[in-house]
Amino acid sequence: VSFTSLLENILIELRDMPDAQYFLQPVNPKRVPDYYKVVKNPIDLLTIRKKINEKRFNNRTGFLDDIKLLVENSSLYNGPSHHITHCGQKLLFLCKQRLEEKKDQLERLEKAINPLL
């Protein structure tokens, strides 16, 4: 099992959640014209998947930060109590759970990537 495959498996589980529907791909600027004026660091699950495949994560913190950014962006654009923001929070909660469950395995793989960890 590789580091990227572990992250990919977590992402697949997140993507399969009903709450993920709002975060599957980049926001369409034709449907939401002001989104990119408000949200300066957009992120979505497809972009995160590309980052995994490009091996741009060398630790779980970067991956978790991107999932947190999903929620922060939704909160910024939709408001903290909006339904979409709550859906993002559910994704973040599950992500944290899975990262915690796989903590030992992830730590070993991270050290293999960067022995200074």
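**A helix and its ends**

A: Happy to, and keep in mind that this is a predicted model.

Q: Is Lys55 buried or exposed?
A: Lys55 counts as exposed, because its relative accessibility is 59%.

Q: And what is its phi?
A: Near 55°, a positive value in a residue other than glycine. For context, most residues other than glycine have a negative phi.

Q: OK, on to the helix. Which residues of H3 are buried?
A: H3 covers residues 45-53, and its buried residues are Leu45, Ile48, Lys51 and Ile52. They cover an arc of only 115° around the axis, so they are on the same side of H3.

Q: Why would that spacing work?
A: An α-helix has 3.6 residues a turn, so residues three or four places apart point the same way.

Q: What do those buried residues pack against?
A: Three helices: H1 (3-15), H4 (60-78) and H5 (83-101).

Q: Now the other end. Which residue caps the N-terminal end of H3?
A: Asp44 does, with a side-chain oxygen 3.0 Å from the backbone nitrogen of Leu46. Asp44 lies in the loop between helix H2 (35-38) and H3.

Q: What else is Asp44 in contact with, leaving aside neighbours within four places in sequence?
A: Phe23, Leu24, Gln25, Pro26 and Leu70.

Terms used:
Residues are numbered from 1 along each chain as its sequence is written. This is a predicted model: local features need pLDDT of at least 70, side-chain atom pairs count only at pLDDT 80 or more; totals for chains, interfaces and linings use all residues. Side-chain values use heavy atoms; hydrogens and water are left out. Buried means under 20% relative accessible area, exposed over 50%, partly exposed in between (1.4 Å probe, protein chains only). Helices (H or I, at least four residues) and strands (E, at least two) are DSSP runs, numbered from the N terminus. The arc is that of the directions from the helix axis to the C-beta atoms. Contact means heavy atoms within 4.5 Å. A polar contact is a pair of N or O atoms within 3.5 Å; within protein, one must be able to donate a hydrogen and the other to accept it, and residues adjacent in sequence count only if both atoms are side-chain atoms.
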